[in-house]
Amino acid sequence: MIFCTAALVLAACTNEQLAETSGTSTKPAVTLEGGFTWADTKTAFTDAEAPTNKLVWSKDDAIGIFTVSGSTNNINYRANLLRTSIGSSNGVFIPVEPESEEADGLKLPEKGTENFLIYYPYSEKADLNVDDFMIHGNLSELQEQAAVSDKEIGKNGFAYGFTQVAADTKKIDFSLTHAMSYIRFVVASTDYADYMLKSVQLYDAAGEAVLTGEYAFDVENKAIVVPENGKTSSSAKVALADNAQFKAIGSDKQELYLTLLPGADLTSAT
């Protein structure tokens with residue numbers, strides 16, 4: 001088990017690329033561009049054995065947007081990854097257009113600047129609780145991976161970033177930090193060369209370690225917390241999807257990626 005880290009860069013996008021995603025010939029009113037802070041995992045990586053892992057955005061990636069301070073009142077607004085950013089370390093996102101003319105799009109300040117929270121991956125259930133100023137979520141004990149060694153490591157986790165947005169902006173720059181822990185499991189075996197790695201489970205036999213379950217992101221303190229009396233588990237399992245294509249191990253390594261709540265004390269665990 002090893003933790004994977006990498007650095008990412010920001011990049012721009014052409015009008016033609018924007019038109020490909022938006023379905024129109026005009027550039028959206030605003031785009032969001034960004035990556036992740038130095039030494040933090042991203043959503044997928046391309047070469048685990050390289051000195052520096054190149055991490056890339058994946059198909060169907062989406063981010064969510066909340067107004068933290070200001071009058072715009074953006075509540076879990078969604079922005080989708082541009083198709084031409086798939087497989088690239090550049091992240092360009094387009095706000096989803098309203099389904100009706102009466103609905104509002106992504107709101108920008110009329111004057112001055114406001115503080116936005118951007119998080120990944122997007123969840124339609126995410127809500128910024130006004131009572132405790134936290135986003136509550138649940139890290140599943142049973143996680144799924146689309147294919148063996150597909151190298152997507154962030155879809156079960158939570159990453160966040162804060163950015164100041166000005167009234168006249170056309171591009172919102174952001175930088176995200178992963179708040180969860182990600183573990184990479186690698187299996188290579190000549191004895192089982194005709195087999196495919198199906199699942200990996202990690203658990204504390206004593207039932208003391210908090211690995212998965214209910215959590216909350218504390219917006220003010222920028223940290224993941226486990227609520228009192230929250231439902232948690234000392235077990236975490238990642239398995240291939242039922243429709244995953246068979247791939248024999250042979251001489252190649254097969255990998256699965258498990259997401260855990262951060263900060264678990266495993267020193268006394270078995």
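How do the residues of the lining of the largest pocket divide into nonpolar, polar and charged? In this structure, which is a predicted model, the lining of the largest pocket is made up of 10 nonpolar, seven polar and five charged residues.

**The largest pocket**

The space that lies in the largest pocket comes to about 500 Å³, and 22 residues line this pocket, with P121, Y122, S123, K155 and G157 lying nearest its centre. Two strands, β5 (residues 113–120) and β7 (residues 134–139), each supply at least two residues of the lining, and of the elements that contribute, β7 gives the most, with five residues.

**Aromatic pairs**

The structure holds 11 aromatic pairs. A pair of aromatic rings is described by two values, the distance of the centres and the angle of the planes. Two of the pairs are set out in the table below, one edge-to-face and one stacked.

| Pair | Centre to centre | Angle between planes | Arrangement |
|---|---|---|---|
| W57 and F93 | 5.0 Å | 80 degrees | edge-to-face |
| Y119 and Y122 | 6.4 Å | 20 degrees | stacked |

The pair of W57 and F93 is edge-to-face, and because W57 lies in the loop between β1 (31–36) and β2 (62–69) while F93 lies in strand β4 (residues 92–95), this pair ties together parts that are 36 residues apart in sequence. W57 counts as buried, with a relative accessibility of 1%, and F93 likewise counts as buried, with a relative accessibility of 0%.

The pair of Y119 and Y122 counts as stacked because the planes of the two rings stand at 20 degrees, and planes under 30 degrees apart are classed in that way. Y119 counts as buried at 1% relative accessibility, whereas Y122, with a relative accessible area of 22%, is partly exposed. Y122 is also one of the residues that lie nearest the centre of the largest pocket. Both Y119 and Y122 belong to a cluster linked by ring pairs, whose other members are F66, F158, Y160, F162, Y215 and F217.

**A buried arginine**

Which side chain makes a polar contact with the side chain of R184? The partner is E255, and the contact between the two side chains is at 3.0 Å. R184 is found in strand β11, which runs over residues 181–187, and R184 counts as buried because its relative accessibility is 5%, the cut-off for buried being under 20%.

Terms used. Residues numbered from 1 in each chain as written. Predicted model: local features only at pLDDT ≥ 70, side-chain atom pairs only at ≥ 80, totals over all residues. Heavy atoms only, no water. 1 Å grid on protein atoms, 1.4 Å probe; cavity = no way out; pocket = protein on both sides within 12 Å on 5 of 7 lines; lining within 4 Å. Points joined across faces, edges and corners; volume = space filled by probe spheres on them. Helix = DSSP H or I, 4+ residues; strand = E, 2+ residues; numbered from the N terminus. Nonpolar A, V, L, I, M, F, W, Y, C, P; charged D, E, K, R; others polar. Phe/Tyr/Trp six-rings, centres within 6.5 Å; stacked < 30°, edge-to-face > 60°. Buried < 20%, exposed > 50% of the residue type's maximum accessible area, 1.4 Å probe, protein only. Polar contact = N/O pair within 3.5 Å; in protein donor to acceptor, adjacent residues only side chain to side chain.
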